[in-house]
Amino acid sequence: MKVLVPVKRVIDYNVKVRVKPDGSGVDLANVKMSMNPFDEISVEEAIRLREAGKAEEIVLVSIGPKQAQETIRTGLAMGADRGILVETDAPVEPLAVAKILKAIVEAEEPGLVILGKQAIDDDSNQTGQMLAALLGWAQGTFASKLEFKDDGTADVTREIDGGLQTINLKMPLVLTTDLRLNEPRYASLPNIMKAKKKPIDMKTVDDYGVDIAPRLEVVSTVEPPAREAGVRVESVAELVDKLKNEAGVL
Ligand code: AMP
């Protein structure tokens, strides 16, 4: 089975995000960028499947600027086999990403697509669901455990409000990963060197005939309000009184 893993280049999760002075978006100038953390979990899961003899080839795909090659190289250094970069400097909304991914799925014919549950830049949590709908495939979202069966189905344990839900899904399958699925490995130095020789296919949006014109308009982008100072209470009785009479939560 071939596994396709879409990986997005996003602002590194350790960076404090700044809003552009004109409020038109987030400042990306001279900011450290990395692979979306949920996508690292997807790459790790794909590698574990190959190590378990359940997958043969792992193909990474990123849609973004030329520098997204680095994101693909990170996944190749972890152990993926090859990459596809659909190069564009324009912002690409989840529906357009899903349409491009659909075209790539039709060309590559993977048995499984593993996406992150969300990209930590826009927190959309849409692409995997849209891709599954466009393909007419089963979807297992927010996966914290994956188990393939001999009958061509997979048990996917999902993190939902109030607990865990296990569903049995027919392959081919779109999976989106949650934090607890695995702990991604670090790339070793020899593997980083090896990754430099692995192929990355350079494509454009036009190759897939998808209209990526934005359907959404960003009205404003603002910093979250600064947190107000708290108050120290002298006793439990005072705390209960404040919760009851000031906060109104009791
Ligand atoms: P989102 O729906 O934007 O929160 O993204 C969910 C997942 O879709 C990400 O974790 C990636 O696996 C995939 N994805 C979204 N945008 C891109 C992109 N530009 N390139 C590659 N994969 C993407």
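A polar contact is a pair of N or O atoms within 3.5 Å. In this predicted model, a backbone N or O atom of Ser 124 lies 3.4 Å from an oxygen atom of the ligand, so this pair falls within the cut-off of 3.5 Å. The points below turn to the surroundings of the ligand and then to the sheet with its helices.

**Contacts with the ligand**

- Two further backbone pairs involve ligand oxygen: a backbone N or O atom of Pro 6 lies 2.9 Å from an oxygen atom of the ligand, and a polar backbone atom of Gln 126 is 2.8 Å from one.
- The ligand taken alone exposes 490 Å², of which the protein buries 98%.

**The shell around the ligand**

- Strand S4 (57-64) and strand S6 (112-116) are the elements that give two or more residues to the shell, and S4 supplies the largest share, three residues.
- Of the 17 residues around the ligand, those that come nearest are Asp 39, Ile 63, Ala 119, Asn 125 and Thr 127.
- By type, the residues of the shell comprise seven nonpolar, eight polar and two charged.

**The sheet and its helices**

- Nine strands form an open sheet with mixed pairing, in the order S9-S8-S7-S10-S6-S1-S4-S5-S11, and its edge strands, S9 (163-170) and S11 (200-204), each pair on one side only.
- Strand S1 (residues 2-6) runs parallel to S6 and is joined to S6 by two bridges, with Leu 4 having Val 113 in S6 as its bridge partner.
- Helix H1 (residues 37-51) packs on the sheet, and its direction makes about 150 degrees with that of S6, while helix H3 (residues 94-108) lies across S1, S4, S5 and S6, running at about 150 degrees to S4.

Note on methods: Residues are numbered from 1 along each chain as its sequence is written. This is a predicted model: local features need pLDDT of at least 70, side-chain atom pairs count only at pLDDT 80 or more; totals for chains, interfaces and linings use all residues. Side-chain values use heavy atoms; hydrogens and water are left out. A residue is near a molecule or strand if one of its heavy atoms lies within 4 Å of it. A polar contact is a pair of N or O atoms within 3.5 Å; within protein, one must be able to donate a hydrogen and the other to accept it, and residues adjacent in sequence count only if both atoms are side-chain atoms. Accessible areas come from the Shrake-Rupley method with a 1.4 Å probe; for residues, only the protein chains shown count as cover. Helices (H or I, at least four residues) and strands (E, at least two) are DSSP runs, numbered from the N terminus. Ala, Val, Leu, Ile, Met, Phe, Trp, Tyr, Cys and Pro count as nonpolar, Asp, Glu, Lys and Arg as charged, and the others, Gly among them, as polar. Two strands pair if DSSP finds at least two bridges between them. Contact means heavy atoms within 4.5 Å. Axes are lines fitted to C-alpha atoms, for helices over the stretch in contact, and angles run from 0 to 180 degrees between N-to-C directions.
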